[in-house]
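Me: I want to learn to read this complex feature by feature. Give me the general idea each time, then the case at hand.

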Amino acid sequence: MARINSPAELEALRKDILSKRDPNKPCITLCSGSACNASGSREVAAKLEEEISQQGLSNDVDVRKTGCHGFCERGPIIVIRPEEICYFQIKPEDVPEIVSQTIKEKKVIDRLLYTDPNTKEKIIHESEIPFYKNQGRIVFGSNVSVDPKSIEDYLAIGGYSALAKALSQMNPDQVLQEVKKANLRGRGGGGFPAGSKWEGTRNAPGDIKYVIVNADEGDPGAYMDRSLLEGNPHAVLEGLTIGAFAVGAHEGYIYVRQEYPLAVENVNIAIKTAEELGLLGKNILGSGFDFVVKVHRGAGAFVCGESTALMTALEGRAGEPRPKYIRSNVVGLWGRPSVLNNVETWANVPLIINKGADWFTQLGTDSSKGTKIFSLVGKITNTGLVEVPMGTPLKDIIFDIGGGIPGGKKFKAVQTGGPSGGCIPEHLLDLPVGFDELTKAGSMMGSGGMIVMDEDTCMVDVARYFLEFLTDESCGKCVPCREGMRQMLKILTRMTKGKGKEGDIELLEELAETAQEAALCALGKSSPNPFLSTLKYFRQEYEAHVKEKRCPALSCKELIAFYIDPEKCQACTSCARKCPSDAIVGGKNLIHLVDQEKCTKCGTCFEVCPPRFRAVKKISGEPVPPRIPEEARTIVREGKQK
Amino acid sequence: MSDILFSIDGKEVKATQGMTVLEAAHKAGISIPTLCYHEKLEPFGGCRLCIVEVESRGSTRLVVSCVYPAEKNIVVRTRSEKVDRIRKMILELLMAHAPDAFDLQDLAKEYGADRNRFEKEPSFCIHCGLCVRYCNEIKKKNAIGFVDRGIRKEISFVPEIASKECWGCKECFPLCPTEALQAAYVLVEALAAFPSPSLKPASGE
Amino acid sequence: MDRERIDQIIDEHLCEPSSLIQVLLQMQAENHWLPKEALERVAERLQVPMTRIQHIATFYKAFSLVPKGRHEIHICVGTACHVRGAQRVLDTVEGVTGIRPGETDLDLKFSLETVNCLGCCALGPVMEIDGKTHGKMAPAETAAVLKNYE
């Protein structure tokens with residue numbers, strides 16, 4: 001394709017692309033995001049292409065490998081357009097049937113459809129499936145229509161029209177004002193108004209300014225940014241270019257964490273193809289505006305998600321944060337004004353420019369406008385990426401979209417905001433998601449990770465887990481974080497091992513205050529949050545660990561024992577066979593026993609004991625009942641007397 | 001350049017553009033405890049001992065005075081219940097590493113820090129960074145640096161450079177608040193291990 | 001590591017000191033570890049002090065200063081996997097391989113690392129070996145999976 005030199009030529013190209021696409025031609029869109037790849041979508045893709053060519057249908061049907069669709073629990077996913085027939089958990093063996101039945105004969109294959117867990121009816125169309133229906137996917141929705149490696153796909157859905165509008169019909173100040181009016185708040189964790197940040201950079205002295213995409217996404221359990229960057233890199237590039245125009249930057253950086261190779265690959269392809277078309281680089285769309293983008297890979301450090309640490313890493317140093325008394329939008333990368341925003345924040349920009357701030361502010365609450373993409377993971381039926389308007393109640397997300405807790409277990413808490421956030425308990429499930437609402441409840445929005453926990457999750461262990469994570473990731477420069485967390489981790493670890501002492505909780509609270517008040521950066525300052533929020537809502541669990549040496553959730557290994565109830569055991573031998581440590585003593589017709597010395601508390605016996613017996617029990621805070629006498633171990637079965 | 005006027009502990013102080021609150025305090029003869037600060041080195045902001053309360057534009061917050069820029073009309077308080085509480089905790093955390101450190105004794109007494117509050121840690125180093133920064137900024141030899149991060153962070157000599165430069169220099173030794181114990185120890189260990197097949201000092205953790 | 005290749009990588013990054021991390025990442029990817037002589041060459045050409053390279057090579061988890069095993073096992077201990085029982089999987093793997101995270105066994109067969117989220121939360125608990133993802137791992141299955149690797 002030839003280089004585009006004006007908005008008019010862009011529209012001409014777009015029309016040309018669309019004219020060559022028949023909306024009624026069958027198209028198989030296959031989710032090819034990292035998670036589906038891990039579930040085998042590459043093999044499915046290969047089989048699809050082979051089967052289509054074998055059946056002579058290469059000219060009659062397209063295959064489009066798209067980015068993440070979001071319903072990760074059920075991957076690999078195929079959506080056949082134009083009918084929107086949605087098939088889940090596809091294996092290569094299913095492909096021949098899909099091609100011959102659905103493509104050729106337009107017949108739907110029942111067993112591959114989604115089944116509603118309540119009504120048990122099968123749902124054919126993507127948009128009717130509750131998981132998708134109850135969302136509002138203004139940003140993420142494009143993922144299902146676009147092959148991330150194809151700029152034509154992005155142009156076909158209207159891509160780069162916002163950039164053309166900004167460059168040809170607006171001036172930088174107007175772009176800035178529109179973003180301000182939309183009240184777009186940072187989607188990376190801070191929730192800081194992007195418009196104000198941009199304005200600070202625009203007004204800062206200096207000719208050289210930078211715009212940066214934070215794609216470090218360090219919060220464990222959060223992968224929204226990865227799916228956006230992998231699945232629709234052009235949307236992020238377009239937003240970044242518009243932002244650069246608004247603040248007067250000519251150089252941009254995309255900092256991608258090292259663990260996301262596919263995102264790096266796709267964004268590099270996007271940059272190259274955009275440059276070839278003149279949508280990036282010199283004299284974009286003939287407007288006279290120059291802008292280049294470089295990709296910089298992270299090297300495995302959570303702290304580099306903090307904006308000043310990220311900039312330090314971009315300079316080729318160890319990512320130690322800097323004090324933020326002078327904000328980085330004035331003194332940032334190389335000491336110059338730098339706007340750093342999250343992937344999702346940038347991806348919202350083209351929408352705001354195209355549809356206007358008034359449209360954007362219709363969605364959401366008073367203080368949190370627009371939508372947010374969450375990664376709904378953990379003890380949840382429908383694990384995946386979910387986009388909803390701000391203000392949606394947590395319980396709608398967890399139950400209507402997420403399908404509730406699997407295995408009939410009870411909801412306990414949902415952790416939001418990653419290691420800087422906190423847990424929201426059941427009695428607050430009506431809480432609408434929004435920056436301020438979540439902060440008031442003792443948590444925070446963070447980047448959008450939503451980890452659902454059930455009755456089997458120990459909240460003291462959750463606090464210990466996050467502290468362990470943070471002590472590993474802390475840069476180590478300041479005392480409150482490095483030393484404070486070192487001691488907090490020691491105390492919490494002792495608690496989970498039954499060695500908690502009187503005064504531990506109070507000491508933890510003191511250490512928490514020191515970190516919150518005196519730490520150098522946001523990692524340190526927010527490090528006590530998981531502890532403080534679990535203490536606030538689950539204090540009784542802490543007290544049980546310290547005073548009774550008991551884990552109410554029956555989770556902490558040193559505080560629980562596995563015990564086989566002699567009244568219930570029917571010597572089916574399932575547990576003895578599966579035990580990886582040979583810790584179960586038993587045999588045919590002999591009541592089984594757990595050898596407590598050998599038991600590693602892996603929990604396998606508990607899981608494999610057939611539900612009709614439920615003989616294996618977890619106990620905590622009480623001694624293991626004494627071993628029953630040998631004579632009593634023989635099971636006498638009715639009608640089987642020897 | 002116009003002077004920046006503000007107050008510390010009720011006393012009016014004058015600062016010039018670019019000064020930090022700590023520098024202004026020193027100039028006015030007001031003392032604020034420090035550990036990682038050295039007048040010849042760039043401020044580090046690691047020990048947080050110089051933390052002070054700053055009231056500006058109607059709100060009060062805690063800031064680290066060695067890095068915080070002097071600002072017109074701010075009200076600075078070098079002591080308060082919260083400031084004292086935090087300094088006490090910082091000292092107690094540091095004394096878990098170096099309970100006998102000379103520089104910590106007077107401060108511990110003043111703030112009522114209990115040297116036995118926390119279990120003792122194996123490493124003497126309190127990460128003030130003075131040795132690393134001095135060698136980097138003043139001597140420009142870069143014979144010693146930091147390795148790793150978080151609770152595993154350590155200081156480490158580069159054997160090839162240290163073996164040439166350190167014996168004849170040793171200017172960082174008196175800077176070490178824990179009385180050069182760690183510096184000497186690590187140096188000896190590094191030289192003894194030379195030539196070493198790997199950069200990482202033998203981990204004793 | 002071949003000195004010529006190191007120089008090539010440095011030149012590809014225009015010998016800029018700020019590209020230090022990117023250069024090291026490429027070296028790590030190709031060589032699976034960073035030998036001391038390789039780092040000395042980088043220090044020489046990029047004109048950065050060895051202490052800075054030392055700090056970066058140990059600060060960031062992606063780099064290894066010692067040779068790695070033939071098979072790299074990564075156990076995800078992200079929050080979603082943790083809540084689904086990743087610790088138990090890790091304990092069993094430690095038992096089977098005899099090594100703990102950060103270590104390599106004496107035969108240079110396995111290297112074990114924990115990672116904080118591979119982004120396959122729907123498949124948790126996740127174990128990745130040589131880049132291949134094994135999802136929905138149960139402790140009892142780990143021994144069988146590891147047996148397949150020579």
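**Reading the interfaces**

Me: How many residues of chain C are in contact with chain A?

Reply: 37 residues of chain C are in contact with 42 residues of chain A. Contact here means that two C-beta atoms, placed from the backbone, lie within 7 Å. Five helices of chain C each supply at least two residues to the side that touches chain A: H2 (20–31), H4 (50–59), H5 (79–83), H6 (86–97) and H7 (139–147). Helices (H or I, at least four residues) and strands (E, at least two) are DSSP runs, numbered from the N terminus. By class, this side of chain C has 21 nonpolar, twelve polar and four charged residues. Ala, Val, Leu, Ile, Met, Phe, Trp, Tyr, Cys and Pro count as nonpolar, Asp, Glu, Lys and Arg as charged, and the others, Gly among them, as polar.

Me: What should I know about the source?

Reply: This is a predicted model: local features need pLDDT of at least 70, side-chain atom pairs count only at pLDDT 80 or more, and totals for chains, interfaces and linings use all residues. Residues are numbered from 1 along each chain as its sequence is written, while chains are lettered from A and ligands numbered from 1 in the order in which they are written.

Me: Which helices of chain A supply the side that touches chain B?

Reply: Start with the totals: 23 residues of chain A are in contact with 23 residues of chain B. Helices H18 (459–473), H19 (479–496) and H20 (504–518) of chain A each supply at least two residues of that side. The largest share, seven residues, comes from H19(A). The classes are nine nonpolar, six polar and eight charged.

Me: Why does the radius of gyration of chain A agree with a compact globule?

Reply: Apply the globule rule: 2.2 Å times the number of residues to the power 0.38, with the radius taken over C-alpha atoms. For 642 residues the rule gives a value near 26 Å, and chain A has 28 Å, so the two agree. The C-alpha atoms fill a box of roughly 90 × 65 × 40 Å along the principal axes. Buried residues (20 or more other C-beta atoms within 10 Å of their own, C-beta atoms being placed from the backbone) make up 55% of chain A. Chain A holds 25 helices and 19 strands.

Me: How do I describe two packed helices?

Reply: Give the angle between their axes and the distance between the axes. Take H8 (residues 172–181) and H11 (residues 233–247) of chain A: their axes come within 7 Å and cross at roughly 115°. Axes are lines fitted to C-alpha atoms, for helices over the stretch in contact, and angles run from 0 to 180 degrees between N-to-C directions. The contact joins A:Pro172, A:Val175, A:Leu176 and A:Val179 of H8(A) to A:Ile242, A:Phe245 and A:Ala246 of H11(A). Its residues are seven nonpolar, no polar and no charged.

Me: In what order do the five strands of the chain B sheet run?

Reply: The order is S2-S1-S5-S3-S4, in an open sheet with mixed pairing. Two strands pair if DSSP finds at least two bridges between them. The edge strands are S2 (11–15) and S4 (59–64) of chain B. Strand S3 (residues 51–56) of chain B pairs with S4(B) in the antiparallel sense over six bridges. There, B:Val54 has B:Arg61 as its bridge partner. S3(B) and S4(B) form a hairpin with two residues between them, and B:Arg57 in the turn has a positive phi of about 50°.

Note on methods
Buried ≥ 20, exposed ≤ 12 C-beta atoms within 10 Å, placed from the backbone.
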